[in-house]
Amino acid sequence: MSGGGASRTFELPEQLQPVMKQAKRLEWLTLVYMLSAVIFVGLTLGQSQAMKAAWIDDLLGFLPPAAFLIASRFRERTANGKFPWGQHRAVSIAYLAAAVALLFMGLYVFLDSAIKLVYLEHAPIGVIPLFGHEVWLGWIMLVALAWSGVPPVFLGIRKRKLADQLHDKVLYADAEMNRADWMTVAAAMLGVIGIGLGLWWADSVAALFIAQDIIRDGWRNVRAATHDLMDARPRRHDNSEYHPIAEEMEREAESLPWVREAVVRLREEGHVFAGEVQVIPEDETELVERLDEVADRLLGLDWKVHDLVIVPVTEIDVPEPSEAGD
Amino acid sequence: MKALAALALAALVLTGCRIPQDTDGTTDRIRRDGVLRAGISESDPFVVLEPGKPPAGAEVRLLERFARTLGARVEWIEGSEEEHVDALREGSIDVMAAGLTSKSRWKKEVAFTRPYLTTETVVGVPVGASYPTDLANVRVSAEEGNEAVGLAERKTNALVAPVDELKPGGPAAVGDWLLGDLRLMPLTVLKKDKHVMAVKNGENELLVRLERFLLNREGEARRLVDEEGKP
């Protein structure tokens with residue numbers, strides 16, 4: 001490291017640790033529940049396009065909880081000789097791969113449904129023997145869809161609260177996806193009911209609606225993962241704006257009498273921020289000690305700031321972010 | 001979205017128990033005209049077509065009985081499977097019976113019923129005699145050109161002899177409905193077939209009615225296959 005600097009083994013602040021534990025429990029619950037929904041919907045798929053789309057949407061739901069849980073393991077894995085920056089990035093790479101896969105699944109369902117619509121394909125749904133009765137499979141589909149659509153709304157609302165406390169964007173994305181799940185399910189239900197009423201096109205139209213939603217989710221995830229890997233300027237966990245911590249750190253550094261100007265450049269390493277602070281000193285007495293002091297003060301601002309390098313420079317050449325830019 | 005859901009719910013209530021309905025109203029048309037148009041292709045013992053005789057076979061009998069539940073008679077249209085699949089897709093016929101099985105290549109083109117009967121192709125041996133289970137060097141006859149010839153050659157060590165006509169006496173690879181007439185006992189199962197019929201995709205009321213009719217009649221279907229299978 002040139003100049004001063006500091007890093008620490010990552011640990012959540014004490015008051016957030018129970019929140020984290022609760023979040024992990026909820027995500028495990030989500031995974032188990034998702035598995036049940038995927039199996040139930042999968043068993044009743046039949047030939048309905050809308051059901052297929054809803055099923056793929058359910059599969060998509062595995063991604064964020066898995067990413068969150070895996071990341072929460074990796075964050076504890078500290079840097080070593082082979083990976084001097086730690087291994088947070090492994091999660092980003094896996095996330096990108098999964099997001100790309102799901103984007104293509106969405107495109108596939110979209111094209112498949114569009115083709116079925118153009119070629120006037122009608123979906124057959126027959127009966128299924130159940131406890132000695134022959135029940136129309138459509139009714140079972142509706143039950144499966146309800147099971148896959150209603151509980152996530154409540155999971156989503158609870159996870160959203162925890163995500164706000166933890167400033168965790170994966171958890172946030174997951175909560176939002178769960179909360180929006182009812183729309184997918186409602187669309188699929190309309191598709192199945194449409195088939196029941198002899199409206200053959202309802203199925204494919206519902207599937208198209210769901211597919212565009214999957215594509216949008218997939219695209220959003222690909223973008224987020226790519227931006228992570230490109231070291232984009234960190235944003236708030238809900239993606240509403242740039243994270244204000246960089247500016248706050250600059251102000252804090254510049255409040256020191258010996259600092260003429262300071263610029264902070266941060267990137268995300270999993271759940272935490274790492275980066276560098278370029279400082280133009282007013283005078284250079286006891287510079288090394290002073291740099292250490294800056295590092296301590298800046299790291300103390302927010303638990304999210306995890307790894308900093310402080311560099312004394314004579315001139316600063318870092319592009320300022322535009323407010324609209326992303 | 002909410003309005004749409006309410007509309008769908010209202011439609012559900014209004015139509016009452018008539019769910020599912022046909023996309024093209026085939027069931028209604030069959031009832032109105034009193035005619036069920038059935039495409040049939042020879043597939044002994046499911047569909048048996050002989051010149052100068054009315055169609056026979058287990059599926060023919062079943063369809064006659066099914067048509068009666070709709071107050072209709074059956075109009076038989078003979079042709080190849082491909083012709084019937086194309087006709088079904090155009091709505092020129094209502095149902096197709098051709099000894100189809102659940103693994104048929106047409107399963108994406110038309111709507112199959114749930115399997116109403118499972119039959120087996122077996123190697124049968126004369127009652128009372130004993131044979132090695134792998135049938136090594138045992139002479140097993142099978143009807144020439146029937147898939148049973150190939151199945152027996154591939155799955156057993158028997159010496160398969162294709163014959164023009166099966167006669168009681170020695171081991172044979174045959175459909176299980178022939179075992180009684182040939183006085184054989186099943187020894188090895190070579191293949192299982194799950195039998196289905198087909199309607200047009202999207203004619204879900206007709207599909208569901210036919211499935212409910214067939215699923216209640218497994219024993220009847222079995223008896224019909226055994227009877228119609230007699231030479």
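This is a predicted model: local features need pLDDT of at least 70, side-chain atom pairs count only at pLDDT 80 or more; totals for chains, interfaces and linings use all residues.
Which residues touch the most other members of the largest nonpolar core? Good morning, colleagues.

The largest nonpolar core holds 119 residues, and the ones that touch the most other members are A:Ala188, A:Ile210, B:Val95, B:Ala97 and B:Ala198. The greatest contribution comes from helix H8 of chain A, residues 200-229, which provides 11 residues. Apart from this core lies another, made up of 20 residues, including A:Ala246, A:Ala253, A:Ala262 and A:Leu298.

Let us look at one residue in detail. Leaving aside residues up to four places away in sequence, A:Ala188 touches A:Ala50, A:Met51, A:Ala53, A:Ala54, A:Leu145, A:Ala206 and A:Ile210.

I turn next to the domains of chain A. The domain assignment gives domain 1 as 4-229 and domain 2 as 245-312. Taken over C-alpha atoms, the centres of these two domains of chain A are 39 Å apart. Where they meet, 18 residues of domain 1 are in contact with 19 residues of domain 2. On the domain 1 side, strand S1 (4-7), helix H3 (63-74) and helix H4 (88-118) of chain A each supply at least two residues. Strand S1 of chain A gives the most, with four residues. By class, that side of domain 1 has eight nonpolar, six polar and four charged residues.

Finally, the two chains. Here 23 residues of chain B are in contact with 20 residues of chain A. On the chain B side, the elements giving two or more residues are helix H1 (2-15) and helix H6 (204-215) of chain B. The residues on that side comprise 12 nonpolar, seven polar and four charged.

Conventions
Residues are numbered from 1 along each chain as its sequence is written. Chains are lettered from A and ligands numbered from 1 in the order in which they are written. A nonpolar core is a set of buried Ala, Val, Leu, Ile, Met, Phe, Trp, Tyr and Cys residues joined through C-beta atoms within 7 Å. A residue is buried if 20 or more other C-beta atoms lie within 10 Å of its own, exposed if 12 or fewer, and partly exposed in between; C-beta atoms are placed from the backbone. Two residues are in contact if their C-beta atoms, placed from the backbone, lie within 7 Å. Ala, Val, Leu, Ile, Met, Phe, Trp, Tyr, Cys and Pro count as nonpolar, Asp, Glu, Lys and Arg as charged, and the others, Gly among them, as polar. Domain bounds come from an automatic or database domain assignment.
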